[in-house]
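The entries follow the order in which I consulted the structure.

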Amino acid sequence: MSDTAANQVLHQQIIARGGIADRTLQISGISWFLVAALGQWVFVYYLLAHYPPIFAKKGMPGLADTSMPGGYVPGDLAGNLAITAHVLIAIIIIGGGPLQLIPAIRNRFRAFHRWMGRTYVTFSVLTSTAGLYLVWTRGVPGGMVGHLAISLDAVLIYLFAGIAVYFAVTRQIDRHRRWAMRLFMVVSAVWFFRIGIMFWFMTTGGVGIDPETFEGPALKVLYFGQMFIPLAILQLYFNAQDSDRAALKIMAAITVFAATTVTAVGTFAATMGMWLPRL
Ligand code: HEM
């Protein structure tokens, strides 16, 4: 074979390898998204079946009957309104978030995408503000590390929401898409926390978690991991998409497939061990 022919064969092989690697990466992303969307809608089903019937029957005092230790505080109207709004808004943003990431919906129903996008950003910012108010006035289980980590999540939500909106308004659509995905990850942090902790209990029995105080080294990792692990994997996925290196694409795909498995197991554990028993 001449040098030119050999070069051509080599070139075609590289392109084929790149094609397979790109396809594998894409399939890993789609697999994770399908599992996560399903898992988030199971969470929404629990929220819908749990909170609105309680509010309809007993009003805000019904919060005292929920799984939240400090749900209802007599006389604290602002706090009670904040937690009521917080759980009802969760239904809208966790239910609607995955719809924003489906290309077919985005491309075919642009008016819906814009309307849902404005709703998502506004409610994410509002509910984070309600959450901040609750954390720093009422406190939650988890100690100071937990308080600081969830407050940092609120700050990231404000920041990413602002950046995603800026790129949408200035029509920098590719950048808008990536920042909207980062926003989706930090808004979903509380869901990652729930499936993460149930995954940990299912696979280790809860090593590093004190069930009395709801503190411990594993929880400290999870408080920050709930946002930074998904953000890091997403960044790896973006880097692999932009790169020409097939090895990086395959490594990112393997990471995303592993994340898909953890997400599926965590969702199963949270559904069976946390959400369904409360209904
Ligand atoms: C933006 C995405 C968020 C969603 C979707 C969300 C969702 C929820 C839900 C559904 C609950 C009720 C617990 C349950 O039934 O599982 C809850 C409780 C709570 N959330 Fe959020 N949350 C978000 C962000 C935040 C942020 C950023 C903070 C604080 C800065 C926060 C603070 C709280 C507090 C204090 C409670 C009450 C916990 C208790 O009393 O046990 N949330 N949240």
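Entry 1. The second pocket.
I began with the second largest pocket, which is lined by 38 residues. Nearest its centre I noted Trp32, Met185, Phe192, Ile233 and Ala259. I then listed the elements that give two or more residues to this lining, and they are α1, α3 (103-108), α6, α7, α8 and α9 (246-275). Which element gives the most to the lining of the second largest pocket? I found that α8 does, with 12 residues. Sorted by class, the lining of the second largest pocket holds 28 nonpolar, eight polar and two charged residues.

Entry 2. The model and the fold.
I note for the record that this is a predicted model. I counted nine helices and zero strands in the chain. Along the principal axes, the C-alpha atoms fill a box of roughly 85 × 45 × 30 Å.

Entry 3. The largest pocket.
I next looked up the largest pocket, whose volume is about 1400 Å³. It is lined by 47 residues, and those closest to its centre are Met68, His86, Val140, Val190 and Arg194. Two or more lining residues come from each of α1, α2, α4, α5, α6 (173-187), α7 and α8 (217-242). The element that gives the most to the lining of the largest pocket is α4, with seven residues. By class I recorded 31 nonpolar, 12 polar and four charged residues in this lining.

Entry 4. The ligand and its shell.
Where does the ligand sit? I found that the space taken by the ligand is the largest pocket. I counted 25 residues around the ligand, the closest being Tyr46, Tyr51, His86, Val140 and Arg194. The shell divides into 20 nonpolar, four polar and one charged residue. At least two shell residues are supplied by each of α1 (3-58), α2 (77-100), α4 (110-137), α5 (143-169) and α7 (189-204).

A side-chain N or O atom of Tyr46 is 2.8 Å from an oxygen atom of the ligand. For Tyr51, the distance from a side-chain N or O atom to an oxygen atom of the ligand is 2.6 Å. I also noted that a polar side-chain atom of His86 lies 2.8 Å from a nitrogen atom of the ligand.

Entry 5. The iron atom.
Which protein donor does the iron atom of the ligand have? I found only His86, through NE2, at 2.0 Å. I placed His86 in helix α2, which is among the helices that supply at least two residues of the shell around the ligand. I close on His86, which is the only protein donor of the iron atom, belongs to the residues closest to the ligand, and is listed among those closest to the centre of the largest pocket.

Terms used:
Residues numbered from 1 in each chain as written. Predicted model: local features only at pLDDT ≥ 70, side-chain atom pairs only at ≥ 80, totals over all residues. Heavy atoms only, no water. Near = heavy atom within 4 Å. Polar contact = N/O pair within 3.5 Å; in protein donor to acceptor, adjacent residues only side chain to side chain. 1 Å grid on protein atoms, 1.4 Å probe; cavity = no way out; pocket = protein on both sides within 12 Å on 5 of 7 lines; lining within 4 Å. Sits in = over half its atoms within 2 Å of the grid points. Helix = DSSP H or I, 4+ residues; strand = E, 2+ residues; numbered from the N terminus. Nonpolar A, V, L, I, M, F, W, Y, C, P; charged D, E, K, R; others polar. Donors = N, O, S within 2.8 Å, 3.2 Å for Na, K, Ca; no water. Points joined across faces, edges and corners; volume = space filled by probe spheres on them.
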